[in-house]
Amino acid sequence: MWAAAALTSIEYQHMAEGLYILARKHVEDLEMHSTLEQMTISHAQCWYLLAFYEGIRAYFGRAWMSVGRCGRLVQILSLHRLDSPLEEKHVLRQKGWAALEEGRRVFWGAYFGDRCASALSGHPLMIRDEDIHTNLPSSEESFDLGVEEIGISLKQADNADSIAYLSPFAGTVFTTSMVGRTIRHIRAFEHDPPTEINGNYWKSHSEVDTFISLAFLNLPDHLKVCGAQEDMHSVLSQFSLHISVILLHQVAARKVTKQKMSPLVGKNSIQRCLASALQIKNTIYSLTSFSQGMMWINFCIYIAAGVLIEDVSTSNPSSTSAVDLGLLLIALKEINAHQTNVNFFARKLESDICRAGIVCSIPTDLRGMAGISIPQQGGVPSPPEDAPYCDTSQHRYS
């Protein structure tokens, strides 16, 4: 916790890495000298915080392993079954509602980390929705005051009547579950031979697309980004849904090309990707301040920018794509302006723009604001090597 906090302060940034190394050493020693019966919620929380720090610093290989440890710990502690009738004697139930709610929040934190880590790295998901019998997190007010609220399960959240009652944290979890559904769909047909428009792939594609569209349609006002009432949970909810759209339709557009289907189908998917990329840009610039230290936000901006790079590289790009691309690069650099060694995606995006040969397409004033210049021959910047597990130029889902 101290290490992550130190990263956000210019005064203490130099201490962050030492604090992180010390914390990781202590928790690894604790793991070596503890039995499964001695493991507690605190152990899972510690691994989550380590993964959070590692994500910020773009230590993606380590972050993936730390999220894995956190995920296995919450399963060992049966935090994924807290509201199952078969777990009536769970130790947290004996401690009261506040302790039970804390257990729920630790589990859903691990779930969120699992989805984010899988999207960032391309590795498989670890926690299956079908195994979860723990209600979504209650509101912050109820948790702080210890006042019990009626819970909603992840399955119930698919219902239009239930989604309106989701707390901001629960909304973030629910929309992140859409990312998981999209990844599962893509992986299920990853190695299948080409199929026709009425094949199983397209049926699954249609189902996932419908789920995402309904989530957008039914998302309550408190989970939407709107001016002075902006909340980071709202931003995360919006971004997760848009990233789900982009991942789903990027793969669909490529399938259309491989299967030599009607170009209209592929064009529709490309337009869906562009619309979501534009919404991510608009959302970022509607905020009064940028959030520091959220690797998921950086990743979403980077993926949106990738959609725009593809469009600008075509023979008939959208009239605003080059401008929007420049604005997203500026946003990434602004978010990371006050933190050293955490600008992986900003550097990666700049490298991608140069390698695509579209620097000249970005208006001169935006190039100047972004600090990007037209590369000389042989002078294209190399992509950063900080994160070998996140080679997004070869991303498994794009």
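## Helices, loops and a surface patch

Let's start with helix 13: its 18 residues (295-312) should span 26 Å at 1.5 Å a residue, and its end C-alpha atoms sit 25 Å apart, which agrees. Keep in mind that this is a predicted model. Overall, the protein's secondary structure comes to 16 helices and zero strands. Of its 398 residues, 53% are buried.

**Helix 13 and Met 295**

- Helix 13 has 16 of its 18 residues buried, so the rest of the structure largely encloses this helix.
- Met 295 belongs to helix 13, and with a relative accessible area of 8% it falls under the 20% cut-off for buried.
- What does Met 295 touch, once its neighbours within four places in sequence are set aside? The contacts are Gly 55, Ile 56, Ala 58, Phe 60, Leu 120 and Phe 345.
- Take Leu 120 from that list: Met 295 and Leu 120 are 175 residues apart along the chain, yet their C-alpha atoms are separated by 9.3 Å.
- Across the whole protein, if you take the contacts with a separation of 6 or more, 71% of them join residues 24 or more positions apart.

- Which residues of helix 2 are buried? They are Gln 13, Ala 16, Tyr 20, Arg 24 and Val 27.
- Looking down the axis of helix 2, you find its buried residues within an arc of 75 degrees, so they line one face of the helix.
- An α-helix has 3.6 residues a turn, so residues three or four places apart point the same way.
- The cover over the buried residues of helix 2 includes helix 1 (2-7), helix 3 and helix 4 (60-76).
- On the face of helix 2 turned away from its buried side, you'll find the exposed residues His 14 and Met 32.

- Most residues other than glycine have a negative phi.
- Ser 78 isn't a glycine, but has a positive phi of about 60 degrees.
- You'll find Ser 78 in the loop between helix 4 and helix 5 (91-94).
- Is Ser 78 buried or exposed? At 17% relative accessibility, Ser 78 counts as buried, because the cut-off for buried is under 20%.
- Lys 260 isn't a glycine either, and its phi is positive too, at about 55 degrees.
- The loop that holds Lys 260 runs between helix 11 (232-259) and helix 12 (263-286).
- Lys 260 has a relative accessible area of 76%, so it is exposed; the cut-off here is over 50%.

**On the surface**

- The protein's accessible surface comes to about 19,000 Å², and 55% of that belongs to carbon and sulfur atoms.
- Met 1, Trp 2 and Leu 49 make a nonpolar surface patch of about 420 Å².
- Leu 49, one of the patch residues, lies in helix 3 (residues 41-56).
- Leu 49 has a relative accessible area of 32%, so it is partly exposed; that value clears the over-30% cut-off for patch residues.

Notes
Residues numbered from 1 in each chain as written. Predicted model: local features only at pLDDT ≥ 70, side-chain atom pairs only at ≥ 80, totals over all residues. Heavy atoms only, no water. Patch = residues over 30% accessible without salt bridge, like charges linked within 9 Å, V, L, I, M, F, W, Y side chains within 5 Å. Areas by Shrake-Rupley, 256 points an atom, 1.4 Å probe, with all protein chains shown as cover. Salt bridge = Lys/Arg side-chain N within 4 Å of Asp/Glu carboxyl O. Helix = DSSP H or I, 4+ residues; strand = E, 2+ residues; numbered from the N terminus. Buried < 20%, exposed > 50% of the residue type's maximum accessible area, 1.4 Å probe, protein only. Arc of directions from axis to C-beta. Contact = heavy atoms within 4.5 Å. Expected span 1.5 Å × (residues − 1).
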